[in-house]
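Try each task by yourself, then follow the solution one step at a time.

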Amino acid sequence: MSDAPEPSRPPFPPFTPETAALKVRLAEDGWNSRDPGKVALAYSLDSRWRNRSEFISGRQEIIAFLTRKWATELDYRLIKEIWAFGSHRIAVRFAYEYHDLLGNWFRAYGNENWEFDLRGLMFVRHASINDLAISESERKFHWPLGQRPHDHPELSELGL
């Protein structure tokens, strides 16, 4: 085990409206990469999650969870939107679209509560998520896989 300090992840608390919004967009971009190892670096080594009914502890469990998730949630595209923030906490709402292995499309809606340490790493994540079956023609997220283009509408602009 290395004695090197854990890296930091700006922007850092305490958050301002601008830095909180940036933190949300950076999280969205990370998740849209669908790279579990890259995404996990935004969380502290001892990060604790509740994702739906699953409880996850630490980066290795985060990587395992995200690997399972993106093996079954195909063509995943996510939009996050800030809801509220405090000095070291951010609340977001989000929606993502994906299809399963059978080609059935879904839109998942959710809310997350995040808490950050002074290095800007998230150490608590609570996520409540509901899935809605949709037809392919009801999809709203059509950008190429990866980061959402900056000119693509936000959730509120899409009426979601």
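**Exercise 1. Where is the place of Pro11?**

Solution. Pro11 sits in the segment before H1. Helices here are DSSP runs of H or I with at least four residues, strands are runs of E with at least two, and both are numbered from the N terminus. Before going on, note that this is a predicted model, where local features need pLDDT of at least 70 and side-chain atom pairs count only at pLDDT 80 or more, while totals for chains, interfaces and linings use all residues. Residues are numbered from 1 along each chain as its sequence is written, and side-chain values use heavy atoms, with hydrogens and water left out.

Next, look at the bond itself: the peptide bond from Pro10 to Pro11 is cis, with omega near 0°. Another cis peptide bond joins Pro13 and Pro14, with omega about 0°. Pro14 also belongs to the segment before H1.

**Exercise 2. Work out the strand order of the open sheet.**

Solution. Step one: the six strands go E2-E1-E6-E5-E4-E3, and the pairing is mixed. Two strands count as paired if DSSP finds at least two bridges between them.

Step two: check the ends. Strand E2 (54-57) and strand E3 (74-85) each have a single partner strand, so one side of each has no neighbour in the sheet.

Neighbouring strands are turned by 20° against each other on average, direction ignored. For this, axes are lines fitted to C-alpha atoms (for helices over the stretch in contact), and angles run from 0 to 180 degrees between N-to-C directions.

**Exercise 3. Follow the antiparallel pairs and find their bridge partners.**

Solution. Start with strand E1 (residues 43-51), which four bridges join to E2 in an antiparallel pair. Asn51 has Glu54 of E2 as its bridge partner. In the loop between E1 and E2 you'll find Arg52, whose phi is positive, near 60°, though Arg52 is a residue other than glycine.

Then move to E3 and E4, which are antiparallel and share nine bridges. They form a hairpin with three residues between them, and Lys80 is partnered with Phe94 in E4.

His99 pairs with Trp105 in E5. Their hairpin has five residues between the strands, and Gly103 there takes a positive phi near 90°.

**Exercise 4. Is E4 largely enclosed or open?**

Solution. Count first: 10 of the 11 residues of E4 are buried, so E4 is largely enclosed by the rest of the structure. Buried means under 20% relative accessible area, exposed means over 50%, and partly exposed is in between (1.4 Å probe, protein chains only).

Arg34, in the loop between H1 and H2, is partly exposed at 27%. Arg52 is partly exposed too, at 29%.

**Exercise 5. Which strands does helix H1 lie across?**

Solution. Helix H1 (residues 17-33) lies across E1, E3, strand E4 (89-99), strand E5 (105-116) and strand E6 (122-134), at about 165° to E3. Contact here means heavy atoms within 4.5 Å. For helix H3 (residues 59-72), the list is E1, E2, E3 and E4, and the angle to E1 is about 50°.
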